[in-house]
Amino acid sequence: MKLTDYEQAMYDGVHGRAKARAMDLLVRYGEALSAERLVATNNVAGAFNASTPSVRELVKKGFDAVYSELNLDSKEVVEVPRMAANTCQLITGIDNANWRVQGIPDDLAEQQKRGEEFFGSRGINMFATCTPYQVGNVPVKGEHCAWMESSAVVYCNSVLGARTNTEGKESTGAAALTGRIPYWGYHIAENRRGTHRVEIDIDVDDIMDWGLLGYYLGEIIDDEIPVLTGRYRQPNLIKLKHFGAAAASSGGVEMYHIPDITPEARSIEEAFGGNRVRDTVRYGEAERRAAYDNLNCATDRNVDFVMLGCPHNSIDQVWLIASLLDGRKISANTQLWVHTPRALRDVADRNGYTRMIMDAGGFVMSDTCPAISRHMPKGTRVVATDSAKQAHYLPAITGVSAWFGSVKDCVEAAISGRWEGGLQ
Amino acid sequence: MSDTLAPTNDAARIVLRGRKVVGGCAEGEAIVTRDTISGWGGINERDGTVIERRHELRGQSFKDKVLVFPGAKGSSGWSAYFHMARLNGASPRAMIFNKMTTKVALGAVVTHAPAMTELERDPLQIIETGDWVKVDADNGIVEITKRRR
């Protein structure tokens with residue numbers, strides 16, 4: 001891989017051991033990819049927290065050791081300097097305010113707070129959400145980024161037109177210290193063109209519809225680039241947030257085009273950019289039903305736990321949930337957690353939405369989600385969620401069974417303790 | 001080849017060339033899947049077991065095996081989970097895959113095990129679970145000894 005003089009100097013240790021180890025990782029990674037060079041980035045979103053039980057031992061050696069091993073893949077423990085690129089923290093395993101509700105031991109919560117202090121002082125912005133684009137990190141079209149979080153990556157590429165691959169904990173750690181990432185994949189314009197045409201034969205409109213469409217397409221298309229055509233209504237941030245997260249769970253979709261809506265596709269022709277259409281995928285009632293059936297693995301209609309906010313809820317979703325709960329009480333047999341970024345939680349507090357949800361018996365959580373934390377209310381066997389991503393991962397990670405449906409179905413399940421949702 | 005004529009120690013051997021992803025040389029028993037693999041939410045990093053609900057390898061572990069698979073999918077935690085599997089002593093001995101992505105490239109790099117891709121023939125067609133596979137990534141060679149069936 002070709003390095004510039006400055007990159008070579010970092011590699012050689014002229015700018016300190018941390019950057020040298022970061023360059024070592026980037027070179028090994030770039031060569032694995034067959035990348036020809038690196039590209040400059042000033043927008044990194046990664047995972048720097050130390051909130052899982054498995055890193056307890058490592059934390060005893062200090063946070064320099066944590067960063068060296070987990071964020072740089074370096075045996076040598078290096079002193080972590082300030083980040084060279086603008087960098088933010090994605091979702092973590094612990095809600096700094098509600099860890100006891102999660103069932104997290106105090107020492108782990110304390111460990112995360114000490115980690116945040118350390119990484120925060122190096123310039124890592126503690127957004128602590130899977131949706132940085134909701135709380136101030138909104139890259140512009142063409143901006144080279146190094147982001148983790150598959151649901152954020154697909155949003156960044158497709159909706160914003162910025163350029164990132166799905167990076168990992170180690171590559172974002174190295175990018176943050178060097179301002180470099182391999183120039184490969186979605187950083188290159190010709191790799192961003194559509195490959196598959198999707199013909200939508202049914203109205204795709206609400207959040208649940210977009211989630212089902214994404215879940216179906218991910219499984220069929222894997223990590224290729226779908227171009228949507230046909231009967232969809234104008235989506236918004238919330239719908240595309242759910243669509244992308246679902247497609248990046250059942251498959252590996254990192255980029256899609258919606259002609260006339262997403263920025264690199266003013267038309268179907270521009271979306272394909274001269275690419276041959278490799279395949280055409282039809283999406284109708286039967287396909288929608290198949291996605292729904294695949295997501296709903298539960299049989300027991302008694303719901304122990306309702307999880308809303310994956311990817312983290314927008315403030316409008318929190319308001320919708322608060323409105324649906326207003327003046328009502330959730331079942332004594334069911335718990336309800338509503339997840340939103342901490343910055344939006346502040347808005348929810350000011351508006352009284354948090355109070356409305358808590359008065360009904362629910363909790364408003366930030367910084368985490370059950371799939372990441374692996375913590376749910378004690379004894380949970382059956383969960384209901386409006387998130388295809390959460391319904392996909394929670395059964396695998398925690399062994400629960402899941403119901404997937406609309407926000408309204410989920411709120412009703414929280415109130416009655418029974419799942420009565422279904423496909424309309 | 002008829003079993004009665006073949007010498008007992010002369011199992012069918014196949015050599016394939018490919019591209020090094022991570023250097024080194026290691027051998028072991030193959031575990032093969034046609035399903036792409038998720039890291040975070042797809043494997044248990046403590047014992048190397050695949051946990052995805054509708055996955056062909058669900059409940060089976062790749063620990064100390066040569067993992068042969070189409071590629072990576074799902075969460076960006078792919079590398080972090082294979083990284084932790086290595087720290088826990090539960091990583092595969094080597095990896096062979098078809099489709100290059102950033103997830104699988106970074107995951108292979110931090111697993112520190114020899115890894116190869118772009119084999120001259122589709123490894124999923126040729127290698128079966130239980131075959132003995134040597135991955136000599138430094139020389140770009142995969143050597144397959146078919147298990148007697």
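An α-helix has 3.6 residues a turn, so residues three or four places apart point the same way. A:Arg355 and A:Asp359 form a salt bridge, with their closest N and O atoms 3.3 Å apart; the term stands for a side-chain nitrogen of Lys or Arg within 4 Å of a carboxyl oxygen of Asp or Glu. Helices here are DSSP runs of H or I with at least four residues, strands are runs of E with at least two, and both are numbered from the N terminus. A:Asp359 is partly exposed, because its relative accessible area is 43%; buried means under 20%, exposed over 50%, and partly exposed in between, with a 1.4 Å probe and protein chains only.

A word on what you are looking at: this is a predicted model, in which local features need pLDDT of at least 70 and side-chain atom pairs count only at pLDDT 80 or more, while totals for chains, interfaces and linings use all residues. Residues are numbered from 1 along each chain as its sequence is written, chains are lettered from A and ligands numbered from 1 in the order in which they are written, and side-chain values use heavy atoms, leaving out hydrogens and water.

Over all chains, the whole structure holds 40 salt bridges. One of them brings together the side chains of A:Glu7 and A:Arg180, at 2.6 Å from N to O. This pair links distant parts of the chain, as A:Glu7 belongs to helix α1 (residues 5-11) of chain A and A:Arg180 to strand β6 (residues 180-182) of chain A, 173 residues apart. A:Glu7 counts as buried because its relative accessibility is 3%, and A:Arg180 is buried too, with a relative accessible area of 16%.

Now let us move to where the chains meet. The contact (heavy atoms within 4.5 Å) takes 43 residues from chain A and 34 residues from chain B. Together the chains bury about 3,100 Å², of which carbon and sulfur atoms give 52%; buried area is the accessible area, with a 1.4 Å probe, that two parts lose on being put together, summed over both. B:Trp40, B:Arg53 and B:Thr102 supply 22% of what chain B buries against chain A, more than any other three residues.

Between chain B and chain A there are six salt bridges. In one of these, B:Arg86 pairs with A:Glu69, the closest N and O atoms being 3.4 Å apart. Both residues also belong to a network of salt bridges that links A:Arg21, A:Asp24, A:Arg28, A:Glu69, A:Asp73 and B:Arg86. B:Arg54 forms another salt bridge, with A:Glu219, at 3.2 Å between the closest N and O atoms. B:Arg54 lies in the loop between β6 (49-50) and β7 (66-69) of chain B, and A:Glu219 in helix α9 (residues 207-221) of chain A, so this pair joins two chains. B:Arg54 is partly exposed, with a relative accessible area of 38%, and A:Glu219 is partly exposed at 39%.

Which elements of chain B touch chain A? β2 (19-22), α1 (78-87) and α2 (102-111) each supply at least two residues of that side. Its largest share, seven residues, comes from α1(B). As for α2(B), ten of its ten residues are buried, among them B:Thr102, B:Leu106 and B:Thr111. Beyond its neighbours within four places in sequence, A:Tyr67 is in contact with residues including A:Phe48, A:Met83 and A:Phe119.

Our last stop is A:Asn157, in helix α7 (residues 150-158) of chain A. A:Asn157 counts as buried because its relative accessibility is 0%. The side chain of A:Asn157 reaches the backbone oxygen of A:Thr164 at 2.8 Å.

Key: Polar contact = N/O pair within 3.5 Å; in protein donor to acceptor, adjacent residues only side chain to side chain.
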